[in-house]
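Let's take a walk through this structure together. Have the sequence and the 3D view ready, and we'll go from one chain to its partner and then on to the ligand.

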Amino acid sequence: MSGGLHFNRGRPCRISVSYSMKNNTDNEQDETYLQVRNVTKMFGTFAALKDISLDVNEGEFVCFLGPSGCGKTTLLRAIAGLDIQTHGKVFQGGREISDLPASERDFGIVFQSYALFPNLSVNDNVGYGLVNVGTSKADTHARVVELLSLVGLEDQGDKYPAQLSGGQQQRVALARALAMSPGLLLLDEPLSALDAKVRVHLRHEMKELQQRLGVTTVMVTHDQEEALTMADRIVVMNDGNIEQVGTPEEIYGSPASPFVAEFVGTMNFLKATKGENSQIMLGTHTLTLNDAEKAKLNGSSVLACVRPEDILVRGVDDSTANSFDTKVKNLEFLGSFCRATLVYGKDDTELQADFSINLVRDKGVEEGGNVRIALPANSIHIFSAG
Amino acid sequence: MTDQTLSSASPAIVKPKLSRDDYVMRAFVLVIGLWLVVTLLMPLYAMLSKSVQDKDGLYIGLTNYIEYFSTPALFYSINNSFFIAFLTTAITISLASVFAFILSRSTIPGKGIFKSIALLPLLAPSLLPGISFVYLFGRQGVLKDLMGDYSIYGPIGIVMGEVFYTFPHALMILVAAFSIADARLYEAAEVLRSSRIRTFFTVTLPGIKYGLISAIFVVFTLVITDFGIPKVIGGQYNVLATDIYKQVIGQQNFQMGAVVSVVLLFPAILAFAVDRFVQRKQVAMLTARAVPYEPKPHTLLNRMFFLYCCIIAVMIVGTIGMAGYASFVTFWPYNLELSLNNYDFDVMDGGGWGSFYNSLELAAYTAVIGTSVIFTGAYMVEKAKGFGLIRGIIQFFCMIPMAVPGMVLGLAYIFFFNHPDNPLGFIYGTMPILVIVTITHFYTVSHLTSMTALKQMDPEFETVSASLKVPFFKTFLKVTVPVCLPAILDISIYLFVNAMTTVSAVIFLYSSDTALASIAALNMDDAGDVAPAAAMCMVIVATSATVRVFHALLSRGIAAKTQKWRKR
Ligand SMILES: Nc1ncnc2c1ncn2[C@@H]1O[C@H](COP(=O)(O)OP(=O)(O)OP(=O)(O)O)[C@@H](O)[C@H]1O
Ligand SMILES: [Mg+2]
């Protein structure tokens, strides 16, 4: 694992644990746990969600990722029945819930504010729903203790929310949301009120807990790192639309649109023209593409996208495919690696590349110097320009 | 996908199903709306229509208004009312701004005591200063020489009384305005070596601008709608509020009473509208990052400030003290021996001690029922989902009582509840109608206090409850009410004290069985029993003060008990 993105590339991380032992083998192919069908949400004349369709499998952890105002919360609230969609349908566990109020749906929810009841102890907060369904005192207590130990707060039950740290409050909210064993766990930016260290720690814990319980989970976030590390699948949203749905590797490795490419991670967008034999011309340099990208070539000018960390220097010589000379305009030290701004071609087109400290030392990369780089065919993504 | 083509052809609008909570909340919203229609709108409508009818109830258009404006004796009161209101507003605001400035921006000792004294007039019925000034400056007054050739009975007495009565109202608004001003501006001014006077005009004044405007309109409204003071000390000087009383009680001319009411309604509504507009702006000024101002000591100024506060405090205590002293004097000014004779209300007209017990009963019912109705109503209107239009209309209804003078409301109740066709007529002349009119009269402030408290609650409490399948009313009782308890107590004490002291809203509605202490005081004063009237006022003051002290202790107890979860 390298850089700030802690996910395992190349290894599928789909979860197969099914939640609460439901038998789901009969029609696994066409039956998903949560189905959103053509959902549109209007606020007056403004469409916050535009014909959204989405499937979430049982036991899956799905993240809604997107910039502020893109409709993530709106979609989550529609799924919860808090602000019901204007058009479209929602199914959960095979049951249509499109028009049901929140109280008749089956979910637990954690808000950014946690919404813990300030005048009730941690125990009473967690047991709030249990008491109501007539669970006996002893059973409630046992369940509360179980839930609190699940989130690592077994000795905090008698405190009030205000006496806990932000991270502890968040875990109480999580325990409360799980108390009734909901079929669906909804999280609206549950970590965003916490400071960076705690956030990274809780990210890990929450993911582990979710895997252990196998509860189908939908989390809203605008933090790509959070989405990439926690989600089984990410739903990238923009302006009320879904841009792409895929595993973290798919989202990061093969973004479906320039928006996704730019929003998740860093990406160079290089203007290129179509050359012969399904090659492209980057100025005077000829680049070869892999077959999948070749198929996307239509029109004479395209955008060739490369991530800074995919740019090669080691072992690159004049004979290497897709290689050309660049000049180092700027070299920025970022701790574990350096970000270089390279320029190439007649008009000094800029290009960002991430070099390891080792490489910089070994190859003697320095500002003003020259370096030959290669853009491996498999790392180039093609989008039509304009 | 076939799905897509299907849906784009005819996107059916999803009609959300309502949960049981939704039904219950909406039912509550409708009930509260209905309550306001019956206790507020229909009476006001009855009054408006009465003003365009003749004695037999026939529609005569604006004839009554034409008569009103062609009778100098009547419309001249408009002049008088405005004159008194303007003058009082100018004096009260000047005195109160300086006092508020000192309380919030200086380091003089005893600020807490000064503030408590300044708020004392809130505990008294508005006729108390009138009575007190009669003893101080009247024909047999202790200080009558100060008056020279002038008489206290008339505009001078009214203005003095109104200043006493409105001072704490203005002070509370202004202290709040000063205390939210941002300290960083002062620090900036200090660093720039701005002179104190310049700082005052460039920083202080703009900072309290909205508070100042708000205070001006509140005082103006209080004065123009007040009835107690001009009644007691106004002599031949007529104002709108006393005109209504004279038309209705003196001449039984209900139509003209309605006309005067409508005339009085105008300035009150205007002042209210401006105040609401300004208040909305004020909220935006208080940014989350404002740093409270820490006053710095300044010796010479402090001495002047201290002196100023002492003078004001002496005047307030003196006014109440005079009434208190006079109430114990056996026979003013001939027998100055102290006795409890004047407290023997049962031998006097006006209702006796029974009226005091009635007042207690009214205050208790108003506090308990009023707080329940208003807080629950505010909760439902705030939290119910959907029903946007109806909730908006109810929010607006809740603001109306503030703009309706008590006398006008009382008169409107006569027209509405005493109408032979009204099935609710049976409550006329009973305790319930007094409770209802008092709740309605003081609805707005209580409603706004509730809303402020409710808005500070996390809006997702109800959502979380719904996801845990807990009905909203359980969360209301287990979370909302306990967390809002300080505000709820504030509302109940506000209603209690106002029910104890109010005169204007109930003066047309009491019967011999339901005479009230404040009205007994008024009637005794009317009958020339000024000392017993003073005594009754003192009983009211003592009661309000006791309840306030009790409230303070209770609040402190609650704060101590709940500080575990309120503070980190
Ligand atoms: N009640 C509402 N009335 C009108 N517009 C709304 C309402 N709620 C949301 N919107 C609009 O809908 C769009 C999507 O809002 P939403 O809250 O879903 O964004 P988001 O993706 O959750 O953003 P953030 O990351 O800032 O929370 C925004 O443009 C917002 O202004
Ligand atoms: Mg959001």
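Before we start, a word on "contact": two residues are in contact if they have heavy atoms within 4.5 Å of each other. Keep in mind, too, that this is a predicted model.

With that in hand, look at where the chains meet: 36 residues of chain B are in contact with 39 residues of chain A. The area buried between them is about 3300 Å², and carbon and sulfur atoms give 61% of it. On the chain B side, B:Val14, B:Leu468 and B:Trp565 lose the most area to chain A, together making up 19% of what that side buries.

What about charged and polar pairings? There are two salt bridges between chain B and chain A. In a salt bridge between B:Glu460 and A:Arg77, the N to O distance is 3.3 Å. By class, the side of chain B that touches chain A has 16 nonpolar, seven polar and 13 charged residues.

Now over to ligand 1. Of the 13 residues around it, A:Ser68, A:Gly69, A:Lys72, A:Thr73 and A:Thr74 come nearest. A:Ser68 has a polar side-chain atom 2.4 Å from an oxygen atom of ligand 1, and A:Thr73 has one at 2.5 Å from a ligand oxygen. A:Gly69 uses its backbone instead, with an N or O atom 2.7 Å from an oxygen atom of ligand 1. Taken alone, ligand 1 exposes 630 Å², and the protein buries 58% of that.

Technical notes: Residues numbered from 1 in each chain as written. Chains lettered and ligands numbered in written order. Predicted model: local features only at pLDDT ≥ 70, side-chain atom pairs only at ≥ 80, totals over all residues. Heavy atoms only, no water. Near = heavy atom within 4 Å. Polar contact = N/O pair within 3.5 Å; in protein donor to acceptor, adjacent residues only side chain to side chain. Areas by Shrake-Rupley, 256 points an atom, 1.4 Å probe, with all protein chains shown as cover. Buried area = accessible area lost by both parts, 1.4 Å probe. Salt bridge = Lys/Arg side-chain N within 4 Å of Asp/Glu carboxyl O. Nonpolar A, V, L, I, M, F, W, Y, C, P; charged D, E, K, R; others polar.
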